[in-house]
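Colleague: I'm new to reading structures like this one. Please take a close look at the contact for me, and follow it into whatever it leads to.

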Amino acid sequence: MSEPVIKCQSVYKIFGANAERMLKEANGNVDAKTFQENGCIVGVNNASFEVSKGEMLVVMGLSGSGKSTLLRCISRLTDATGGKIFIEGQDLLNLNNKELIDLRRNKMGMVFQSFALLPHKTVLENIAFPLQIKGIKTEDSINKAMDMVKLVGLDGRENYFPRELSGGQQQRVGIARSLAVEPDIWFLDEPFSALDPLIRKEMQDEFLRLQEKLQKTIMFITHDFDEALKLADRIAIMKDGIIEQLDTPANIVLNPATEYVRKFTEEVPREKVLLIKDVMDEITSDNMGDIKVSKDEIIENVAEKILTQEKTVAVTDGKNNIVGSINPAKIINTVFGGRKNNH
Amino acid sequence: MELLKKYPKLFQWLFLLAVFFALCFAIDVPETYKFIRGQAEFVKDPNQSAFVFLGKEVRYYAFDVFWRLPPLLGWLPIWINDSLFFLMNDWMPMEFWNEDTQEYKTRPLVLQITRNLTAFMTFLIELIREILLGGLETIVAFTSWDWIDANPWAELPGLPWTIVAAGSAILAYKLGGKGLALYALLSMTYISIFGQWKPSMQTLSFILVAAPLSFIFGLGLGVAAYKSKRVEKALYPILLVMQTMPQYAVLVPALVLFGVGDHAAVIITMIVAVPPMILLTLLGLRAVPPEVIEAGRMSGCSNWQLMSKVLIPTARRDILIGVNQVIMVCFSMAVISAFIGAKGLGFNLLLALNQLNIGLALEAGLCISLIAILLDKMSLAWANKQVDYFGNLNFFQRNKNSLFFGVIVIIGILLAYFGSIYFKDGYNYLFEVPHNKGISTADFWNKGVDWIFDTFFVYIKAFNTWLIVDVLQPMRALYLRMPAVATLVLVVGAGYLIGGVRSALVVCGLTLFIALSPWWDRALVTTYMATFGVLVSCTIGFTVGTLCFQNKHSTNFMLNVCDIFQTFPSFVYLIPVMMLFGITDTSVLIAVIVYATIPATRYTIEGLRSVPAGLHDAATMSGVTKFQRLFKIEFPLAFPHMMLGLNQTIVFALFMVIIGAFIGTEDLGQYILKALSDKKGAGIGLTLGICVAFIGLIFDNLIRTWVGQRKKHLGID
């Protein structure tokens with residue numbers, strides 16, 4: 001496997017006057033309570049993970065869980081107190097100011113919860129801003145920005161000011177701006193949290209469409225578990241600065257690592273999250289009918305097909321080879337069974 | 001006891017007042033006490049006591065310490081003065097190359113610096129002035145007097161007024177469209193045909209140097225304060241004092257450092273205009289949302305790009321208010337600096353004041369307002385200007401404004417040329433309408449005032465006498481009757497009750513400074529006039545504001561009226577009252593009231609406006625009447641904001657009371673005015689200015705602390 005795009009090794013972020021000394025003394029064993037008694041607040045506690053190329057890692061946690069702080073460490077908007085962060089093999093914390101600016105100008109894009117548009121610039125100027133900062137000629141940057149306007153579907157509004165747009169439209173501008181320099185790494189900090197539910201769903205779909213086309217390496221922050229399940233390749237669940245579990249959505253739903261994670265998974269409609277491949281069995285010698293289902297289908301979509309069968313159903317991969325089997329009992333078991341404490 | 005528990009604050013206040021009055025009655029007025037000879041007057045008299053501090057002798061009339069504190073700070077003005085002279089004349093003599101005499105000359109460092117600064121300012125002003133009006137100083141600056149004698153053609157001819165008027169209209173059109181262009185054209189034409197062209201252009205050239213320089217310095221220092229806590233901490237006390245310092249107290253020290261003339265005026269204007277600019281820049285930068293800064297960083301901004309392309313433009317709203325302040329201060333200084341020999345409208349205004357010519361003063365004042373509004377609107381339009389990226393324009397379209405201006409220049413020159421033929425013997429009206437040779441409405445206004453005076457003489461006189469004898473004199477006497485110790489107890493006690501120990505200490509420090517200066521009695525008189533002015537202003541302002549707020553149109557109308565009155569140079573207010581009420585305290589106070597009512601009204605309206613609409617609906621739904629709503633909901637919620645208005649009213653009132661010295665008062669202002677013509681006035685002027693600033697700061701501290709607590713209590717902000 002090629003080098004991971006983002007790699008974190010025991011990243012700590014501790015706020016407070018003598019954070020660094022405290023961290024050294026703690027010797028890798030950071031306890032939030034003792035730190036707080038000494039006037040330090042632990043933002044991120046021993047975060048280690050990798051994100052590979054083209055992958056979307058969603059960091060989920062409630063407010064104050066340190067998810068935004070983690071993102072800001074990786075984009076180096078704040079300096080991590082301890083640990084190492086590598087971006088495509090470069091040691092992020094050792095970059096000097098110029099190298100950091102270079103990295104941001106060419107490799108990184110970021111979308112913010114409150115959109116963070118420049119109020120004095122039009123839609124077009126906002127999108128062209130990172131390009132102009134890079135020193136690209138006005139004409140070229142404007143042309144490129146116009147392409148971005150079309151990409152996010154804001155044609156005809158390029159001369160509006162941010163204040164004249166709705167929240168969803170403003171965030172489209174934010175997305176277009178973050179993509180203007182064609183970054184490899186895309187950070188999104190709760191991009192849809194400030195939007196109405198309907199708009200949010202629309203933007204999520206739009207976002208998936210874009211990602212299919214662009215295949216960026218993404219870190220996506222959210223406090224909405226459903227959103228995480230919908231978008232993520234892998235999910236990291238954070239609490240009090242600690243990553244409680246980092247796994248695929250299916251594994252998190254099926255095997256929550258801690259009590260905290262399990263609470264989130266309780267209410268999740270599993271048939272909407274899990275794929276056939278997540279619950280299928282080995283190929284069996286049982287008598288399988290003529291019906292086959294793809295392993296990448298969501299359970300919900302094929303449940304009726306399987307449940308109306310008496311027999312085990314064959315599961316195929318993309319090339320129509322049989323890779324597993326599934327029987328109706330398994331489906332019923334997955335959807336309705338196996339929930340502890342479910343009154 | 002029940003009551004005591006219910007209203008503990010009320011009883012604390014009552015107790016404080018009781019102590020205060022007890023002290024007042026317990027301490028008798030010393031028999032030798034006379035107001036005018038109250039304290040140190042720098043005249044020798046065998047009855048005086050004296051002490052020596054830091055080698056300076058301070059003489060004063062000693063009283064019981066409870067009655068008046070001895071002027072222990074009396075050495076301060078003398079010391080400031082001597083230090084200034086030492087700096088200018090003896091400190092760090094160095095060899096400097098003299099261009100005129102072609103030899104090295106020994107000069108003190110500070111003198112050399114100020115002289116160079118002066119020369120630079122003079123050059124800038126003359127450059128603009130001569131482009132507008134013609135002259136030869138600029139050419140001489142690059143060559144020499146001999147050269148210009150040999151080549152008289154090189155003298156700048158100046159632009160005909162037609163070109164300047166049309167040029168400003170084109171610029172206004174480019175920046176802000178047709179409306180602004182029309183305004184520019186009309187006001188410039190007005191200025192010209194009413195014969196105010198030359199002084200107006202002189203004032204304009206002064207502003208065009210002072211305003212941009214103040215803007216740049218203010219922005220720069222504001223950014224520095226934003227970036228470094230240490231700079232902010234160093235700047236803050238200076239900013240605070242400068243906010244309440246009467247502007248012309250700064251004149252005297254600047255006079256010593258920079259001499260007389262336009263250049264000194266520019267430097268003083270900068271000293272006065274920069275502090276609000278710094279404060280507003282800082283305020284704006286602080287208010288930029290952190291995510292916007294992060295967005296800038298993630299776009300790969302360097303520190304410089306972040307500041308110039310993200311932070312400053314995002315903070316634009318507050319910075320623009322700063323620009324507006326700078327322009328307003330520049331114009332008010334344009335008048336005040338006429339005291340130290342600046343040319344232009346201000347000088348004419350002062351002249352008209354001296355001759356009690358209301359008409360001329362009004363005309364000059366109107367010109368100042370017109371130019372001020374024009375510059376303000378143009379800078380606003382410039383900051384809001386948009387770029388069009390998609391226009392596929394040809395050469396002519398892109399440069400139409402410049403081309404048009406070129407055509408105007410040619411037409412203007414031709415017109416001026418024909419004018420020189422047509423008006424062969426007299427003045428060339430198409431080149432420049434000479435001063436006081438234009439149309440004038442001065443007579444009309446003068447006659448109007450005369451008519452009022454003649455018609456209502458009896459009533460005015462009766463009112464004046466009544467006010468002075470029955471209200472003002474007793475009030476003044478009461479203020480002066482306060483023993484120093486009683487005043488201190490009252491002020492410090494109020495500080496303690498409002499803001500705890502911290503406030504009490506701050507207020508105590510400020511009051512002690514004034515009490516220990518040689519001008520405690522004068523400060524009392526200033527305070528008495530300010531108090532009277534503020535009381536009346538607030539009554540009028542709060543009433544008018546509340547009444548106007550009942551209707552949307554009258555609200556907007558009133559706010560506009562406030563705007564106009566505020567751009568009017570404050571001196572103009574002095575003239576009509578002086579004519580009607582003569583040289584009395586009444587005149588000063590009426591001017592104070594007119595001027596200080598502006599902020600009182602404005603803040604009342606804005607405060608009432610800031611009451612959330614949801615509350616209105618909630619109140620209406622609980623079935624309140626209009627009056628109930630006003631008294632139970634709107635007033636309590638708007639009150640903190642209205643108190644900030646009171647704060648502004650005090651500052652405005654103090655400012656006008658000090659300017660009132662021009663009419664004739666017996667307070668701190670009179671001494672500042674005196675210091676202007678005193679060779680050793682610098683230290684006195686500065687110390688007096690600080691005293692006035694401290695009076696303002698005492699109230700400022702108390703009101704702000706109270707408002708802060710109140711807002712916290714109400715959960716606003």
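Modeller: The contact takes 19 residues from chain A and 17 residues from chain B, where two residues touch if their C-beta atoms, placed from the backbone, lie within 7 Å. On the chain A side, helix 4 (97-106), strand 6 (108-111) and helix 5 (123-134) each bring at least two residues. Helix 5 of chain A gives the most, with 5 residues. Sorted by class, that side has 13 nonpolar, 3 polar and 3 charged residues. Here Ala, Val, Leu, Ile, Met, Phe, Trp, Tyr, Cys and Pro count as nonpolar, Asp, Glu, Lys and Arg as charged, and the others, Gly among them, as polar.

Before going on: this is a predicted model, with local features needing pLDDT of at least 70 and side-chain atom pairs pLDDT 80 or more, while totals for chains, interfaces and linings use all residues. Residues are numbered from 1 along each chain as its sequence is written, and chains are lettered from A and ligands numbered from 1 in the order in which they are written.

Helices (H or I, at least four residues) and strands (E, at least two) are DSSP runs, numbered from the N terminus. Strands pair if DSSP finds at least two bridges between them. For instance, A:Ile237 has A:Gln245 in strand 10 as its bridge partner.
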